[in-house]
Amino acid sequence: MVLETMVLNVGPQHPSTHGVLRVVVELEGERIRRCIPDIGYLHRGIEKLMEHKTYHQCLPLTDRLDYLAGPSNNLGFVLAVETLLGVSAPPRAQAVRVIMAELARIASHLFWLGTHAHDLGAMTPLFYAFRERERVMDLFEMAGGSRLFPCYFRIGGLAADLPEGFAEIARAFAAEVPARTLDYERLLTENPIWLARTKGVGRVSIDEVLDWGWSGPLARASGLAWDIRRSNPYCGYEQYTFEIPLGEEGDTFDRYRVRIEEIRQSAGIIIQALDQLPGGPVNVLDPKVSLPPKPRVYRDIEALIQHFLIIEEGIKVPKGEVYVAIESPKGEMGFYIVSDGGSKPYRVKNRAPSFINLQALPKLAEGRLLSDLIALIGTIDIVLADVDR
Amino acid sequence: MADEEQKSAEQSQVPAEPPAPLLEPLLREQFGEAVLAYIRFRGQRCATIALSALLDVCRWLKAEQGFTYLADVIAVDYPKRDKRFQMVYQLFCVERAERLRLKVDVAEGESVPSVSGIWSGAAWPERECFDLMGIVFSGHPDLRRILLPEEATGHPLRKDYPLRGRERFADEDLGYKVERGGGER
C-alpha cells in the first residue's frame, strides 16, 4: 500500500481566509503534512507610492493598511512624522487620538470575533458583534466622514475638533460594551463545541513568541506581559488606567479570552479619555506644520500663503530617520520613515503585524487537522491588506 | 499661549529611549572597529556596523543584551552611495522596553547573511527585501519571492524602477496602444 498525499489550495478565494490568502496544503487524509502560505494577492505597492506623495497625501494610504482599524494605522504614521519633525500634537488632540484608536481596537476585535466564531461554526456572535461595530462605524463617520477610512488625524493634530454630540454617543457606546461582551462570552466561553475547537489548538510558548516576532494579543495570550501602550507609552496613554489581559496556555482559546477582555479595557480607556478630555487647540501651532483655520485663509494673506504652501508643496521634514511603533489591534505596528529633508518621504516601511504573525502559520498547522488550520488562521487575526500592503 | 505651545513641543508624545549609557561603550568594546557609527536622534538609537560583523553583533545583542525580539528587517535603496543598499534591523528588548536600530551598508551584488538563524521571524521580512529590493541573503531557509508572483522580474522598490511599472503586455496582444509613463504623479 502506498501512502498518497493530496495537495489542495485553501484560497485565495475562500470565505474563511478573510481576504485573498492562499494556503497550499499537502494533506494526508485530514492531517496537514505541509502548509505553505502564498501571499501577495493584495499587494498594492503602498510603500512605493508613499515615496511619491507628500506626507499628508500618504495618510489616506495608511488607512488602507489594516483596514479594520483605520485610525490605528493613521496614528502610527502621524506619530512617526511628528517625531521626525520634533513636534507634539496638543493634549486635546492626543486624547482624541486615544479615543479613536481605542474605538478602532474595539471595531477590529469585534470583526475578528464575529468572523473567527463563524469560521468555527458559531454564526450568532457575528451578528451581535457587527451590531456593536456599526456604532463604532457611526462614530468614525461623525468625526472623519467615512466609516472604515476616516483619515481623521493630521500631522500635528486632527483634521477638526470632535463634532457636537460625539462625546455623548461615544460615552453611551463605551458604557454598554462590558454588557455586550458578556453576551458574546455567554455564547462561546463555556460552549463545549467552542472549547473543543479552540482549547489546546496552536499552543505557543513565550520563547516562540519572541523568536517569531509575535506581538500584541498573540504574545499576551502566551503570558508575555508586553503592551506597547504600557511599555513605551505614546499619545498620553500613561494617564489612563487599564489592565493588560494575559493568557496562560497560549492556545486559541486564550487568544480569544485576551481579545474579549481587551475590548472591555478599551471601553474603559475611552470613558477615561472622555472624562479627562482637556480643552485647547487640536493642532500644533506651528505654521510650517498645521493648516491655518479656514476663515483666516479667506481674509489674511499670510494664512493664505501658509495654506497654499502646506497643500501644494507639503510639509518639509528634516533629514533623518525614525521608527515609531504603536500597539495596533493586531500587534506591533511600526513605521520606519527616512526623510531626505524634502516634503516626500524617501522611504517608508510599514512593519505590518499581520505579515510577521502569519509567518508562523506553517509551524502551527503542520501535523494538525485541516479544520484546525481554519481556527489558526482566524486566531492569528490577519488582515490581508496588512499582510500584503 | 506661547508657553503652552513651547511646553507641548518639548515634551515628546513618543517616549525617548531610557538613558542606557552602557550600550554604546559595550558595543564598541566588544566589536571595536566593526562599529562604524552610533547615533542618537529624536530619542532613538542607531548603530551602523560592518557587514562582516552582522551575525556576531546580532548574536551578542540577543544573547548578552537581551534583544530577543526582532521587530523588522528593512532594506533601503540609496543609489547614489558607494554601497547602494542599507539593511536596517529593528531590535527590541522586552525587559528594558528598549529599542535599537542596527544598520549595515551593502554593495550591489553583495549578499547579506540571513539572521533567520538567530530570530526565525526574520525569514519573511528578508524574503520581502529580496523580492522588492533584490538583496540576496545567504543561509536563508527559503529565499524566493513573497509578494510578487514567481515569474515577476525586477525589484519594484528600487529607486530606478518606475512607479507605474513596466510594460507587461505587448500592444499587439492587447489590440490597442497603451500610454505608459506620463509622469510621476
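The legends below describe close-up views of a predicted model.

In this predicted model, local features need pLDDT of at least 70 and side-chain atom pairs count only at pLDDT 80 or more, whereas totals for chains, interfaces and linings use all residues. Residues are numbered from 1 along each chain as its sequence is written, chains are lettered from A and ligands numbered from 1 in the order in which they are written, and side-chain values use heavy atoms, with hydrogens and water left out.

**View 1. The largest cavity is lined by residues of chains A and B.** Rolling a probe the size of a water molecule over the atoms shows where empty space is left. A cavity is here a set of points, on a 1 Å grid over the protein atoms alone, where a 1.4 Å probe fits but cannot get out, and lining residues have an atom within 4 Å of a point; grid points are joined across faces, edges and corners, and a volume is the space filled by probe spheres set on the points. By this rule there is one cavity of 30 Å³ or more, and the largest cavity holds about 60 Å³ of space. Its lining is made up of A:Arg347 and A:Lys349 together with B:Val73, B:Ile74, B:Ala75, B:Pro125, B:Glu128, B:Cys129, B:Leu132, B:Met133 and B:Leu157. Two or more of these residues come from each of β8 (347–351) of chain A, β3 (69–77) of chain B and α4 (123–133) of chain B, where helices (H or I, at least four residues) and strands (E, at least two) are DSSP runs numbered from the N terminus. With five residues, α4(B) gives the most to this lining. By class the lining has eight nonpolar, no polar and three charged residues, with Ala, Val, Leu, Ile, Met, Phe, Trp, Tyr, Cys and Pro counted as nonpolar, Asp, Glu, Lys and Arg as charged, and the others, Gly among them, as polar.

**View 2. Helix α4 of chain A packs against helix α11 of chain A.** The axes of α4(A) (residues 91–119) and α11(A) (residues 252–275) come within 9 Å and cross at roughly 150°; axes are lines fitted to C-alpha atoms, for helices over the stretch in contact, and angles run from 0 to 180 degrees between N-to-C directions. That angle makes α4(A) roughly antiparallel to α11(A), since angles over 145 degrees count as roughly antiparallel and those under 35 as roughly parallel. The crossing of α4(A) past α11(A) is left-handed, a term used if the near helix is turned anticlockwise from the far one by less than a right angle. The contact of α4(A) with α11(A) has 16 nonpolar, four polar and five charged residues.

**View 3. Helix α11 of chain A also packs with α6(A) and with α16(A).** Helix α6(A) (residues 166–188) and α11(A) have axes 9 Å apart at an angle of about 165°, and they are therefore roughly antiparallel to each other, in a left-handed crossing. Helix α16(A) (residues 370–380) packs with α11(A) at an angle of about 30°, with their axes 10 Å apart, and these two helices are therefore roughly parallel to each other; α11(A) passes α16(A) in a left-handed crossing.

**View 4. Three strands of chain A form an open antiparallel sheet.** The strand order is β6-β7-β8, where two strands pair if DSSP finds at least two bridges between them. Strands β6 (320–328) and β8 of chain A stand at the edges with a single partner strand each, so one side of each is left without a neighbour in the sheet. Neighbouring strands of this sheet are turned by 10° against each other on average, direction ignored. Five bridges join β7(A) (residues 331–339) to β8(A), and A:Ile337 stands opposite A:Val348 in β8(A).

**View 5. Five strands of chain B form an open sheet with mixed pairing.** The order runs β1-β2-β5-β4-β3, and the twist averages 20° from one strand to the next. Nine bridges join β4(B) (residues 85–93) to β5(B) (residues 98–106), which run antiparallel, and in β5(B) the bridge partner of B:Leu91 is B:Leu100.

Technical notes: On a 1 Å grid over the protein atoms alone, a cavity is a set of points where a 1.4 Å probe fits but cannot get out, and a pocket is an open set with protein on both sides within 12 Å along at least five of seven lines; lining residues have an atom within 4 Å of a point. Angles under 35 degrees count as roughly parallel, over 145 as roughly antiparallel, 65 to 115 as roughly perpendicular and the rest as oblique.
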